[in-house]
Amino acid sequence: MDVLFTSLRGGDPIRQRLVDLVAEASVSAASHRVDLHVMAFAFTDEAVANALLHTAMRHSSLTIRILADWSQRTRVRGQQVGRLAALHQPNLRVRYSMDQPYVWDAAAGHMRWSYHASRGLLHHKTLAVLIDGRPWRLACGSFNWTATAANSYENLLVVTADDPGSLMLMSRVELEFEALWSDGRSSVSPEEAYLHYETILDTYRRDPTTPP
(Lines give C-alpha, C1' and ligand atoms only; values in the text may rest on other atoms or scores of the structure.)
Protein backbone atom coordinates (compact mmCIF):
# COMPACT_ATOMS: atom_id res chain seq x y z
CA MET A 1 0.00 0.00 0.00
CA ASP A 2 1.27 3.45 -0.93
CA VAL A 3 -0.32 6.69 0.32
CA LEU A 4 0.65 10.12 -1.00
CA PHE A 5 -0.51 13.58 0.11
CA THR A 6 0.06 16.82 -1.80
CA SER A 7 0.42 18.62 1.54
CA LEU A 8 3.50 16.50 2.30
CA ARG A 9 5.08 15.81 -1.08
CA GLY A 10 3.41 18.15 -3.56
CA GLY A 11 1.46 17.31 -6.70
CA ASP A 12 4.34 16.22 -8.95
CA PRO A 13 5.09 12.98 -7.04
CA ILE A 14 1.41 12.02 -7.22
CA ARG A 15 1.32 12.66 -10.96
CA GLN A 16 4.53 10.67 -11.35
CA ARG A 17 3.07 7.77 -9.34
CA LEU A 18 0.25 7.50 -11.87
CA VAL A 19 2.70 7.64 -14.78
CA ASP A 20 4.84 4.98 -13.10
CA LEU A 21 1.81 2.76 -12.61
CA VAL A 22 1.06 2.94 -16.33
CA ALA A 23 4.71 2.13 -17.06
CA GLU A 24 4.57 -0.91 -14.76
CA ALA A 25 1.48 -2.10 -16.61
CA SER A 26 3.30 -1.61 -19.90
CA VAL A 27 6.12 -3.91 -18.77
CA SER A 28 3.62 -6.60 -17.77
CA ALA A 29 1.96 -6.36 -21.18
CA ALA A 30 5.00 -7.97 -22.77
CA SER A 31 3.98 -11.34 -21.33
CA HIS A 32 0.43 -10.94 -19.97
CA ARG A 33 -2.99 -9.66 -20.98
CA VAL A 34 -3.30 -6.23 -19.40
CA ASP A 35 -6.35 -3.98 -19.01
CA LEU A 36 -6.34 -0.42 -17.67
CA HIS A 37 -9.67 0.92 -16.45
CA VAL A 38 -9.91 4.63 -15.71
CA MET A 39 -12.72 6.62 -14.12
CA ALA A 40 -12.15 10.37 -14.25
CA PHE A 41 -14.09 13.41 -13.11
CA ALA A 42 -11.51 15.92 -14.39
CA PHE A 43 -8.54 15.04 -16.59
CA THR A 44 -6.30 17.77 -18.01
CA ASP A 45 -2.87 16.33 -17.17
CA GLU A 46 -0.98 15.81 -20.45
CA ALA A 47 1.75 13.72 -18.85
CA VAL A 48 -0.69 11.07 -17.66
CA ALA A 49 -2.67 11.22 -20.92
CA ASN A 50 0.48 10.77 -22.99
CA ALA A 51 1.60 7.86 -20.80
CA LEU A 52 -1.71 6.11 -21.49
CA LEU A 53 -1.55 6.86 -25.22
CA HIS A 54 2.06 5.74 -25.66
CA THR A 55 1.38 2.52 -23.75
CA ALA A 56 -1.65 1.78 -25.94
CA MET A 57 0.40 2.43 -29.09
CA ARG A 58 3.30 0.29 -27.87
CA HIS A 59 1.20 -2.76 -26.94
CA SER A 60 -1.69 -3.55 -29.24
CA SER A 61 -2.79 -6.41 -26.96
CA LEU A 62 -3.14 -4.04 -23.98
CA THR A 63 -6.54 -2.37 -23.64
CA ILE A 64 -7.41 0.94 -22.02
CA ARG A 65 -10.96 2.00 -21.22
CA ILE A 66 -11.69 5.48 -19.90
CA LEU A 67 -15.03 6.28 -18.30
CA ALA A 68 -15.29 10.03 -17.82
CA ASP A 69 -17.73 12.61 -16.54
CA TRP A 70 -20.00 14.17 -19.17
CA SER A 71 -18.08 17.46 -18.90
CA GLN A 72 -14.94 15.75 -20.25
CA ARG A 73 -16.38 15.13 -23.72
CA THR A 74 -15.26 18.48 -25.16
CA ARG A 75 -11.64 19.39 -25.83
CA VAL A 76 -11.80 22.88 -24.33
CA ARG A 77 -9.70 24.01 -21.35
CA GLY A 78 -7.13 21.28 -21.91
CA GLN A 79 -9.49 18.33 -21.46
CA GLN A 80 -7.54 15.17 -22.33
CA VAL A 81 -10.31 12.58 -22.65
CA GLY A 82 -11.78 14.21 -25.73
CA ARG A 83 -8.31 14.46 -27.25
CA LEU A 84 -7.62 10.78 -26.66
CA ALA A 85 -11.01 9.77 -28.03
CA ALA A 86 -10.44 11.80 -31.21
CA LEU A 87 -7.26 9.84 -31.99
CA HIS A 88 -9.30 6.63 -32.52
CA GLN A 89 -6.59 4.38 -31.11
CA PRO A 90 -8.17 0.90 -31.48
CA ASN A 91 -7.23 -0.37 -28.02
CA LEU A 92 -8.05 2.89 -26.21
CA ARG A 93 -11.79 3.37 -25.81
CA VAL A 94 -13.78 6.15 -24.16
CA ARG A 95 -17.28 6.48 -22.77
CA TYR A 96 -18.95 9.36 -20.93
CA SER A 97 -21.45 9.34 -18.10
CA MET A 98 -24.95 10.02 -19.44
CA ASP A 99 -26.27 13.40 -18.34
CA GLN A 100 -28.54 16.32 -19.21
CA PRO A 101 -26.95 19.22 -17.30
CA TYR A 102 -28.33 22.09 -19.37
CA VAL A 103 -30.97 24.79 -19.03
CA TRP A 104 -32.03 27.43 -21.50
CA ASP A 105 -30.87 30.94 -20.62
CA ALA A 106 -33.61 33.13 -22.09
CA ALA A 107 -31.76 36.38 -21.39
CA ALA A 108 -28.61 35.23 -23.17
CA GLY A 109 -30.46 33.26 -25.83
CA HIS A 110 -28.40 30.11 -25.49
CA MET A 111 -28.06 26.88 -23.52
CA ARG A 112 -25.88 26.85 -20.42
CA TRP A 113 -24.58 24.22 -18.02
CA SER A 114 -26.33 23.98 -14.65
CA TYR A 115 -25.26 21.98 -11.63
CA HIS A 116 -28.88 21.78 -10.49
CA ALA A 117 -30.04 20.35 -13.82
CA SER A 118 -27.33 17.68 -13.89
CA ARG A 119 -28.40 14.11 -13.23
CA GLY A 120 -25.22 13.57 -11.23
CA LEU A 121 -21.47 13.88 -11.70
CA LEU A 122 -19.13 10.94 -12.21
CA HIS A 123 -16.84 11.88 -9.34
CA HIS A 124 -14.60 8.81 -9.26
CA LYS A 125 -10.84 9.25 -9.79
CA THR A 126 -9.45 5.76 -10.25
CA LEU A 127 -6.89 3.86 -12.29
CA ALA A 128 -7.26 0.08 -12.08
CA VAL A 129 -4.77 -2.34 -13.63
CA LEU A 130 -5.87 -5.89 -14.35
CA ILE A 131 -3.43 -8.66 -15.25
CA ASP A 132 -4.91 -11.64 -17.08
CA GLY A 133 -8.38 -10.44 -16.07
CA ARG A 134 -7.63 -10.12 -12.37
CA PRO A 135 -7.16 -6.92 -10.28
CA TRP A 136 -3.47 -6.13 -9.76
CA ARG A 137 -3.16 -2.44 -8.80
CA LEU A 138 -5.64 0.31 -7.97
CA ALA A 139 -4.96 4.03 -7.60
CA CYS A 140 -7.78 6.06 -6.04
CA GLY A 141 -8.37 9.06 -3.81
CA SER A 142 -9.33 12.71 -4.05
CA PHE A 143 -6.63 13.59 -6.59
CA ASN A 144 -8.07 14.77 -9.93
CA TRP A 145 -5.70 14.46 -12.87
CA THR A 146 -5.33 18.24 -13.21
CA ALA A 147 -2.87 21.04 -12.49
CA THR A 148 -5.34 22.50 -10.00
CA ALA A 149 -5.36 19.27 -7.99
CA ALA A 150 -1.56 19.25 -7.97
CA ASN A 151 -1.69 22.55 -6.08
CA SER A 152 -4.51 21.60 -3.70
CA TYR A 153 -4.74 19.43 -0.60
CA GLU A 154 -5.33 16.03 -2.19
CA ASN A 155 -4.43 12.38 -1.69
CA LEU A 156 -3.69 9.26 -3.71
CA LEU A 157 -3.93 5.71 -2.41
CA VAL A 158 -2.34 2.85 -4.35
CA VAL A 159 -3.27 -0.67 -3.24
CA THR A 160 -2.27 -4.10 -4.51
CA ALA A 161 -3.98 -7.47 -4.79
CA ASP A 162 -1.53 -8.96 -2.27
CA ASP A 163 -3.72 -7.80 0.63
CA PRO A 164 -7.13 -9.54 0.97
CA GLY A 165 -8.82 -6.35 2.15
CA SER A 166 -7.42 -4.37 -0.75
CA LEU A 167 -8.44 -7.10 -3.20
CA MET A 168 -12.04 -6.78 -2.02
CA LEU A 169 -11.92 -3.02 -2.60
CA MET A 170 -10.39 -3.50 -6.05
CA SER A 171 -13.03 -6.06 -6.99
CA ARG A 172 -15.86 -3.73 -5.92
CA VAL A 173 -14.41 -0.85 -7.93
CA GLU A 174 -14.18 -3.14 -10.95
CA LEU A 175 -17.84 -4.12 -10.55
CA GLU A 176 -18.76 -0.42 -10.45
CA PHE A 177 -16.71 0.29 -13.57
CA GLU A 178 -18.22 -2.57 -15.58
CA ALA A 179 -21.76 -1.70 -14.48
CA LEU A 180 -21.41 1.92 -15.62
CA TRP A 181 -19.51 1.04 -18.79
CA SER A 182 -21.94 -1.59 -20.07
CA ASP A 183 -25.23 0.17 -19.23
CA GLY A 184 -26.34 2.40 -22.10
CA ARG A 185 -28.52 4.38 -19.69
CA SER A 186 -25.47 5.22 -17.58
CA SER A 187 -22.75 5.87 -20.18
CA VAL A 188 -22.48 6.64 -23.88
CA SER A 189 -19.85 6.53 -26.60
CA PRO A 190 -18.37 9.79 -27.95
CA GLU A 191 -20.63 9.51 -31.00
CA GLU A 192 -23.71 8.94 -28.86
CA ALA A 193 -22.71 11.84 -26.60
CA TYR A 194 -22.53 14.18 -29.60
CA LEU A 195 -26.00 13.13 -30.80
CA HIS A 196 -27.41 13.45 -27.28
CA TYR A 197 -26.05 16.99 -26.97
CA GLU A 198 -27.44 18.01 -30.38
CA THR A 199 -30.84 16.59 -29.46
CA ILE A 200 -30.93 18.61 -26.23
CA LEU A 201 -29.90 21.78 -28.08
CA ASP A 202 -32.49 21.23 -30.83
CA THR A 203 -35.23 20.64 -28.25
CA TYR A 204 -34.48 23.92 -26.48
CA ARG A 205 -34.32 25.83 -29.75
CA ARG A 206 -37.72 24.55 -30.78
CA ASP A 207 -39.26 25.21 -27.36
CA PRO A 208 -37.15 27.25 -24.89
CA THR A 209 -39.77 26.65 -22.18
CA THR A 210 -39.02 22.92 -22.11
CA PRO A 211 -38.12 21.98 -18.53
CA PRO A 212 -34.67 20.39 -18.08
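Mentor: A strand here is a DSSP run of E with at least two residues, a helix is a run of H or I with at least four, and both kinds are numbered from the N terminus. By that rule, Asp105 belongs to strand β5, which covers residues 102-105. Please keep in mind that the model is predicted. The side chain of Asp105 reaches the backbone nitrogen of Ala108 at 3.1 Å. Setting aside neighbours within four places in sequence, Asp105 is also in contact with His110 and Arg112.

Helix α6 spans residues 164-182, 19 residues in total. The distance from its first C-alpha to its last is 27 Å, close to the 27 Å expected at 1.5 Å a residue. At the N-terminal end, Asp163 caps α6, with a side-chain oxygen 3.2 Å from the backbone nitrogen of Gly165.

Which residues of α6 are buried? They are Ser166, Met170, Val173, Glu174, Phe177, Leu180 and Trp181. These residues lie on the same side of α6, because they cover an arc of only 135° around the axis. On the face turned away from the buried side, α6 carries the exposed residues Pro164, Met168, Arg172, Leu175 and Ser182.

The strand residue is His37, found in β2, residues 34-40. Is His37 buried or exposed? His37 counts as buried because its relative accessibility is 4%, and the limit for that class is under 20%. The side chains of His37 and Glu174 are joined by a polar contact of 2.9 Å. Beyond its neighbours within four places in sequence, His37 is in contact with several residues, among them Glu174, Phe177 and Glu178. Others in contact with His37 include Arg65, Thr126 and Leu130.

Strand β2 is itself part of an open sheet of 8 strands with mixed pairing, in the order β1-β9-β8-β7-β2-β3-β4-β10. The edge strands of this sheet, β1 (2-5) and β10 (187-188), each pair on one side only. Elsewhere in the sheet, β8 (residues 134-140) and β9 (residues 155-160) run antiparallel and are joined by 4 bridges.

Notes
Residues are numbered from 1 along each chain as its sequence is written. This is a predicted model: local features need pLDDT of at least 70, side-chain atom pairs count only at pLDDT 80 or more; totals for chains, interfaces and linings use all residues. Side-chain values use heavy atoms; hydrogens and water are left out. Buried means under 20% relative accessible area, exposed over 50%, partly exposed in between (1.4 Å probe, protein chains only). A polar contact is a pair of N or O atoms within 3.5 Å; within protein, one must be able to donate a hydrogen and the other to accept it, and residues adjacent in sequence count only if both atoms are side-chain atoms. Contact means heavy atoms within 4.5 Å. The expected span of a helix is 1.5 Å times one less than its number of residues. The arc is that of the directions from the helix axis to the C-beta atoms. Two strands pair if DSSP finds at least two bridges between them.
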